[in-house]
Amino acid sequence: MNIAIVFAGGIGSRMQSASRPKQFLELNGKPIIIYTLEVFEQHPDIDAIVVSCIKEWKPYLHKLVKKFEINKVVDIVPGGKNGQESIYNGLVQAERMSNSSDSIVLIHDGVRPLINAQTITDNIDTVKSHGACITVSPAFESIIIEHENGDIETPNRKCCFLARAPQSFYLSDIIDAHRKAQSEEKTDFADSSSLMRYYGYNLKSVIGPIENIKITTPSDFFVLRAMVEVKENKQIFGI
């Protein structure tokens, strides 16, 4: 069973939107979270979707899921105090509904709508062959590392990648790692890949599309709008 865990628990302070969290901002009458969910909904190998959402916005998301016919959403669970807890809440629900001991979960940001079907396929295949993976995109600009002593390092750009999503694992592995972190009161992991690496799991990278950005700032929203227009023009004009 392949389950998408989509977390949409943030308030999006950097988006500077006072009216609603960034995942519910609309483009052409459709909220960002729906653009994201539609990609997983339409993928033939995704069996179910669990969304971890801000508690106060759960009723609104239920209405959106029904309106836009996102039928693979089996549950919307409340988000936690941070991203790590929000993901865990989604994993717990996935565990309850999983019908297989080797179920795979694809953990994805609700505000990362420019994911594509091929990347989802590649994530599933890579978990089956390597056990765990993280989606990345190549770094086309130089990366600078400043060490605590002030020294500057410029690593070879060919070895540098930007972390993206999904980050995908066997459900049993990732939920076990989360429970270890809870027992050790470790709550500050940046993402699921950091947590898994801390507990000894090796991750394989999956190269995903460069445009698979997280919609965090107003400029990111303009990029999303441009990409949506490109896709719509291809459908209308075949270009």
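Which hand does the crossing of helix 1 and helix 2 have? The crossing is right-handed. A crossing counts as right-handed if the near helix is turned clockwise from the far one by less than a right angle, and as left-handed if anticlockwise.

This is a predicted model, in which local features need pLDDT of at least 70, side-chain atom pairs count only at pLDDT 80 or more, and totals for chains, interfaces and linings use all residues. Residues are numbered from 1 along each chain as its sequence is written, and side-chain values use heavy atoms, with hydrogens and water left out.

**Helix pairs**

Helices (H or I, at least four residues) and strands (E, at least two) are DSSP runs, numbered from the N terminus. Axes are lines fitted to C-alpha atoms, for helices over the stretch in contact, and angles run from 0 to 180 degrees between N-to-C directions.

| Helix pair | Axis distance | Angle |
|---|---|---|
| Helix 1 (residues 32–41) and helix 2 (residues 58–67) | within 11 Å | roughly 50° |
| Helix 3 (residues 83–97) and helix 5 (residues 171–183) | 10 Å | about 135° |

Angles under 35 degrees count as roughly parallel, over 145 as roughly antiparallel, 65 to 115 as roughly perpendicular and the rest as oblique. Helix 1 and helix 2 are therefore oblique to each other. In the crossing of helix 1 and helix 2, which is right-handed, helix 1 brings Ile33, Ile34 and Leu37 to the contact (heavy atoms within 4.5 Å). Helix 2 brings Leu61, Leu64 and Val65. By class, this contact of helix 1 with helix 2 has six nonpolar, no polar and no charged residues. Here Ala, Val, Leu, Ile, Met, Phe, Trp, Tyr, Cys and Pro count as nonpolar, Asp, Glu, Lys and Arg as charged, and the others, Gly among them, as polar.

Helix 3 and helix 5 are likewise oblique. Their crossing is left-handed. Helix 3 makes the contact through Gln84, Ile87, Tyr88, Leu91, Val92, Ala94 and Glu95. From helix 5 come Leu171, Ile174, Ile175, His178, Arg179, Ala181 and Gln182. The residues of this contact divide into nine nonpolar, three polar and two charged.

Seven strands form an open sheet in the order 5-4-1-6-10-7-11, with mixed pairing. Two strands pair if DSSP finds at least two bridges between them. Strand 5 (73–78) and strand 11 (204–207) are the edges, each pairing on one side only. Neighbouring strands are turned by 25° against each other on average, direction ignored. Strand 4 (residues 48–53) pairs with strand 5 in the parallel sense over five bridges. Ser52 stands opposite Val77 in strand 5.

Helix 1 packs on the sheet. Helix 1 touches strand 1 (2–8), strand 4, strand 5, strand 6 (104–109) and strand 10 (161–170). Its direction makes about 175° with that of strand 1. Helix 5 also packs on the sheet, touching strand 6 and strand 10. The direction of helix 5 makes about 105° with that of strand 10.

**Rings and backbone**

Rings of Phe, Tyr and Trp (its six-membered ring) pair if their centres lie within 6.5 Å; planes under 30 degrees apart count as stacked, over 60 as edge-to-face and the rest as tilted. The count comes to six aromatic pairs. Phe24 and Tyr60 have ring centres 5.4 Å apart and planes at 65°, so the pair is edge-to-face. Phe24 lies in the loop between strand 1 and strand 2 (26–27), and Tyr60 in helix 2, 36 residues apart.

Most residues other than glycine have a negative phi, and most peptide bonds are trans. The bond from Ala165 to Pro166 is cis, with omega near 10°. Pro166 lies in strand 10. Glu69 has a positive phi, near 55°. Glu69 sits in the loop between helix 2 and strand 5.
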